[in-house]
Amino acid sequence: MDVAIVGLSAAGKTTIFNALTAGHGSAVGGAEQIGAVKIPDERLEKLAALVKAKKITPVEVTLHDLPALFERGAAPAGAAAETLSRADALLHVVRAFDRDDVPHPKGSVDPARDIQAFDDEIVFNDLGIIERRLEKLDITVRSARPGEREGGVREKALLERLRAMLNEGVRLRNQQLDAGELKELGNFGLLSLKPMLIPLNIGESEASNATAVEAGYAERLGAPGTAVATLCGRLEAELAELPPEDAADFRREMGAAEDATHAVLAKVVRLLDLVTFFTIGEKDAHAWTVPAGASALQAAGRVHTDIERGFIRAEVIAWDKLLEFGSHTEARRHGQLRTEGKQYTVREGDVINVLFNV
């Protein structure tokens, strides 16, 4: 999955990026940096130990650190616009720290104001996209033959509904659009439609108070498609350079939350409404994600298209049940290893083995 890190100038975007990637990001042209991050999963570690897997493959997130957007009223363009259109979610870094040597571009630190300002820019950007498309559609619908007009009329009605929402200040990411509508909007690159995680970048003096700060903002801003996290980017970037044991000791001294960066990445997965399932064997213990509600057939396709094409049946067991019985053989003997068909809905933490023939 791809996540774009965005925000206003001096919010600490690159510091957060360095913290999440442990400083292993790389420039890919222009001012953008990119880094791949593996999300630790204790369940996967235990399953790998059970089967003595030679390789462990956690869920991976690709992070894109973008330059400040909407400066001087300009819409995203070029490589930044392409990255934003591909992104599955936005990580909107918001400044919540005071530093005299890093003045805030707006003159004062006010997270609520900055969140609203960025949301307003996103809305304005999307309204421009919708207005331009509606102008073209108006001509298309009027000049189309009667039999070809239906699709344009349907699209026009959808865009007019979204325009009305945006004009009322409604966040599209918080709205329930059906699968057909989302597919129709897939190529528009509407930023307000993308799920957004808001990491509040606090100062080191607030590290021990992170949970309370996060709870307050989550109560005000939390909604379907929007979530809040809190971390001290400067502290986390420094800790990422230390051995795990030293970092844990330093966290305790500072009163900072455990694994703040991992918590942020886990929230991205939840925000995208993804389900994690596992495939395990001696060669590889692998974590995969599929959208909530996905079928066993879709999960098979996530692993390999040949497995999807030749799907016969799936053997499924909850990860903790497999650990409890110690092997697939014992789980089967106790009736805990289920046989499921193509339409089975994958559950969080399922261990799946697909039998197939191609």
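Two strands count as paired here if DSSP finds at least two bridges between them, and strands (E, at least two residues) and helices (H or I, at least four residues) are DSSP runs numbered from the N terminus. The model is a predicted one, so to speak of local features takes a pLDDT of at least 70 and side-chain atom pairs count only at pLDDT 80 or more, while totals for chains, interfaces and linings use all residues. Residues are numbered from 1 along each chain as its sequence is written, and side-chain values use heavy atoms, with hydrogens and water left out.

Strand β6 (residues 89–92) pairs with β8 in the parallel sense over two bridges, and L90 sits opposite M196 of β8. Strand β7 (residues 94–96) also runs parallel to β8, joined by three bridges; here A96 has I202 as its bridge partner. Then there is β9 (226–231), parallel to β8 and joined to it by six bridges, with P199 facing A229. Burial follows relative accessible area (buried under 20%, exposed over 50%, partly exposed in between, using a 1.4 Å probe and protein chains only). Seven of the seven residues of β8 are buried, so the strand is largely enclosed by the rest of the structure. In a regular strand the side chains alternate between the two faces of the sheet. In β8, M196, I198, L200 and I202 point one way, while L197, P199 and N201 point the other.

Next come the cores. A nonpolar core is a set of buried Ala, Val, Leu, Ile, Met, Phe, Trp, Tyr and Cys residues joined through side-chain atoms within 4.5 Å. The largest one holds 39 residues, and L63, L91 and L197 touch the most other members. Helix α10 (residues 260–271) supplies the largest share of this core, six residues. Apart from it lies another core, of 28 residues, including L84, F118, V213 and A247. In soluble globular proteins, nonpolar side chains tend to be buried together. As for L91, its contacts (heavy atoms within 4.5 Å), leaving aside neighbours within four places in sequence, are V3, A4, I5, V6, L20, L197, P199, V264 and V268.

What about rings? They pair if the centres of Phe, Tyr or Trp rings (for Trp, the six-membered ring) lie within 6.5 Å; planes under 30 degrees apart count as stacked, over 60 as edge-to-face and the rest as tilted. The count by this rule comes to one aromatic pair. That pair is F70 with F118, edge-to-face at 5.6 Å centre to centre and 65 degrees between the planes. It links distant parts of the chain, 48 residues apart: F70 belongs to the loop between β5 (59–65) and α3 (78–86), and F118 to helix α4 (residues 111–143). Both F70 and F118 are buried.

The expected span is 1.5 Å times one less than the number of residues; for its 12 residues that gives 16 Å, and the end C-alpha atoms of α7 are 16 Å apart, which agrees. Its buried residues are A210, V213, Y217 and L221. They cover an arc of only 70 degrees around the axis, so they lie on the same side of α7; the arc is taken from the directions from the helix axis to the C-beta atoms. Exposed T211 and E219 sit on the face turned away from that buried side. The buried residues of α7 pack against α4, β8 and β9.

K13 has a relative accessible area of 9% and, not counting residues up to four places away in sequence, touches I5, V6, G7, L8, D65, L66, P67, A68 and V93.

A few backbone angles stand out too. Most residues other than glycine have a negative phi, and most peptide bonds are trans. A22, which follows α1, has a positive phi near 55 degrees. D273 is no glycine either, yet its phi is positive at about 55 degrees; it is found in the loop between α10 and β10 (274–280).Finally, β10 and strand β11 (residues 285–291) pair in the antiparallel sense over seven bridges, forming a hairpin with four residues between them. F278 stands opposite A287 of β11.
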